[in-house]
Amino acid sequence: MISVADLLVNDRIPGSYFATDAYVRSDLEMGLLENRQGDRLIALPETLIQAIYSGLDKETGQASRLVLFNCGRWWGKNFYARFCAEVTDYYGTPLSNMAMVEFMQALQQCWITHGWGKVDLDQSHQHRGFLVVKGWNSVFARLALKHEQPVCYLEAGILAAFFSQLTGKDLHCIQTTCESMGADCNRFVLGLAKRLEPAETMVTNLAHDAIMQALCGEN
Amino acid sequence: MHPQIESAFNEAENRYLHPEELGVITQYVESLPKRMQTYCTLRDKEMTIMQQVADQLVKTLPGETTEALERSIKNALLVMRYCAMGMLLNNEAFVKERLHTWMGQSMKAYHSETVDSALYELLTQALNQSLTPQQLSFFNPMLAAAQAEFLPQDQPLTAAALGW
């Protein structure tokens, strides 16, 4: 016997918090974008993203990768705090108590609604201590200056900080495939910095699977 | 609000509305009291309808865990609430946008397709008993739009599907 009334908590059933039409609100007169909690959102024009890339490249050259990665880390740290607060508040349960399926759905929808493309987790190397995040239609990849190696340093930083906060471990993140180089998606490998270190030099000449094999010691 | 009505309101500074546009608004306004009444019926009978569905579901699928059944019932309660609001607004897009992707993904992740198929069949029967034909004519398009977002669609009847 199932009591339907007992399934409701405070007469509510949480849906998809980040559903685009519910999450993003705009005030045409004031020219403001807000999320459903009333926090301000900013829209980044493509021109600005391109200008950040080319400005950094001119000013800092190769160091722009590190600058973008560190900016991403800062962004990711704050993004995690906001994500946690909003999700906990809406679903009435701490992030640590959420089922993996629900957590991933929230993260994926959040990514889409913020206009960052699609993301998914590949957990096939989890037992070896690596997590792979796949991303599609990234604006940061599309607008970056083309190089002979992956260019999504900002996203790598965001993911490193986000998953470091989530797991309580200091994680590093390296991108192994990039849409800017014609790959089917962007792949980011997350793991402990020391164990990921060898991959830094591999990204220029090895494919994702070969890098994973090398990292996992499956040669 | 229905997208057609919303776009008609955007024409204010361009021109007066055409008779057919006013027709759409009139149709909606005239149907609004009945939509409200249907909404109230659904609100008041929410627990009765879903309890009836839940009781039958337990009998229909005795092998399923309570956890799996409860998860699907909870999702169905949410779907019903979205559909009721969609009906009030006369806006299928509202229902679709709120359920888009995540409900289907969740069902797939929990392998709840069997439970959900049985549940929505029982729900349709329960609604047929609780709502008048006119109320059903307002509500069913919303439920169909919702189901299209997450339930596997029937294969089209083609020679290949039949294995000819």
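Of the 219 residues in chain A, 28% are buried, a residue being called buried if 20 or more other C-beta atoms lie within 10 Å of its own, exposed if 12 or fewer, and partly exposed in between, with C-beta atoms placed from the backbone. The model is predicted, and local features need a pLDDT of at least 70, side-chain atom pairs count only at pLDDT 80 or more, and totals for chains, interfaces and linings use all residues. Residues are numbered from 1 along each chain as its sequence is written, while chains are lettered from A and ligands numbered from 1 in the order in which they are written.

The predictor assigns the complex a pTM of 0.85 and an ipTM of 0.77. For chain B, the average pLDDT (the predictor's confidence in each residue, from 0 to 100) is 88, and 92% of the residues score at least 70.

Chain A contains seven strands and ten helices; these are DSSP runs numbered from the N terminus, with helices (H or I) of at least four residues and strands (E) of at least two. Its C-alpha trace spans about 60 × 50 × 30 Å along the principal axes. Among contacts in chain A with a separation of 6 or more, 52% join residues 24 or more positions apart, where contact requires that the C-beta atoms, placed from the backbone, lie within 7 Å.

Beyond its neighbours within four places in sequence, Leu190(A) is in contact with Phe130(A), Leu131(A), Val133(A), Leu159(A), Ala160(A), Phe163(A), Leu171(A) and Cys173(A). The C-alpha atom of Gln126(A), 64 residues away along the chain, is separated from that of Leu190(A) by 9.7 Å.

The nonpolar cores come next. Such a core is a set of buried Ala, Val, Leu, Ile, Met, Phe, Trp, Tyr and Cys residues joined through C-beta atoms within 7 Å. The largest has 33 residues, and Met50(B), Val53(B), Ala76(B), Cys83(B) and Ala146(B) have the most contacts inside it. Elements giving two or more residues to this core include helix H2 (19-60) and helix H7 (133-150) of chain B, and H3(B) gives the most, with ten residues. Ala146(B), leaving aside neighbours within four places in sequence, is in contact with Val79(B), Tyr82(B), Cys83(B), Val95(B) and Leu99(B). A second, separate core of 31 residues includes Ala144(A), Val151(A), Ala156(A) and Ala161(A).

The contact between the chains takes 19 residues from chain B and 14 residues from chain A. On the side of chain A that touches chain B, helix H1 (4-7), helix H2 (20-23) and helix H5 (100-113) of chain A each give two or more residues.

Two loop residues deserve a glance at their backbone angles. Most residues other than glycine have a negative phi. Asn10(A), in the loop between H1 and H2 of chain A, has a positive phi of about 50° although it is not a glycine. Asn10(A) counts as exposed, with 5 C-beta neighbours inside 10 Å. His111(B), found in the loop between H5 and H6 of chain B, has a positive phi near 50° and is exposed, with 9 other C-beta atoms within 10 Å.

Terms used. Two residues are in contact if their C-beta atoms, placed from the backbone, lie within 7 Å.
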